Amino acid sequence: MAARLKAEFGASCQLIEGGGGVFDVVVDGALLHSKRQCADQFPDADKLVSAIKARGC
């Protein structure tokens, strides 16, 4: 996913280790995906890219 975001946006992605199965995607302080809130599902890369583009990034 980091490679896809770098290719699409030139983004620098950072993994912040946590615990308890948390996987959140935050862009400019806005939560775009939370695995915990989405029935333990990882984000779909295409949907994530679309959500970022919708924010005007």
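How far is the sulfur of C38 from the closest cysteine sulfur, and in which residue does that sulfur lie? The gap is 18 Å, and the partner is C13. That is too far for a bond. A disulfide is a covalent bond between the sulfur atoms of two cysteines. Here the term is applied to a pair of cysteine sulfur atoms within 2.5 Å. A search of the whole structure finds zero disulfides.

This is a predicted model, in which local features need pLDDT of at least 70, side-chain atom pairs count only at pLDDT 80 or more, and totals for chains, interfaces and linings use all residues. Residues are numbered from 1 along each chain as its sequence is written, and side-chain values use heavy atoms, with hydrogens and water left out.

Now look at exposure. A residue is buried under 20% relative accessible area, exposed over 50%, and partly exposed in between (1.4 Å probe, protein chains only). C13 is partly exposed because its relative accessibility is 38%. C38, at 34%, is also partly exposed.

Next come the rings. Rings of Phe, Tyr and Trp (its six-membered ring) pair if their centres lie within 6.5 Å; planes under 30 degrees apart are stacked, over 60 edge-to-face, and the rest tilted. The whole structure holds one aromatic pair. F23 and F42 make this edge-to-face pair, with 4.9 Å between centres and 70° between planes. The pair links distant parts of the chain, 19 residues apart. F23 sits in the loop between α1 (2–9) and β1 (24–27), F42 in the loop between β2 (30–34) and α2 (45–54). These elements are DSSP runs, numbered from the N terminus: helices (H or I) have at least four residues, strands (E) at least two. F23 is partly exposed at 27%, whereas F42 is exposed at 53%.

S34 touches F23 and D24, leaving aside residues up to four places away in sequence. Contact here means heavy atoms within 4.5 Å. S34 is buried, since its relative accessible area is 6%.

Finally, turn to helix α2. Which of its residues are buried? L48, V49 and I52 are. They share one side of α2 because they cover an arc of only 100° around the axis. That arc is taken from the directions from the helix axis to the C-beta atoms. The cover over these buried residues includes α1, β1 and β2. On the other side of α2, K47 and A54 are exposed.
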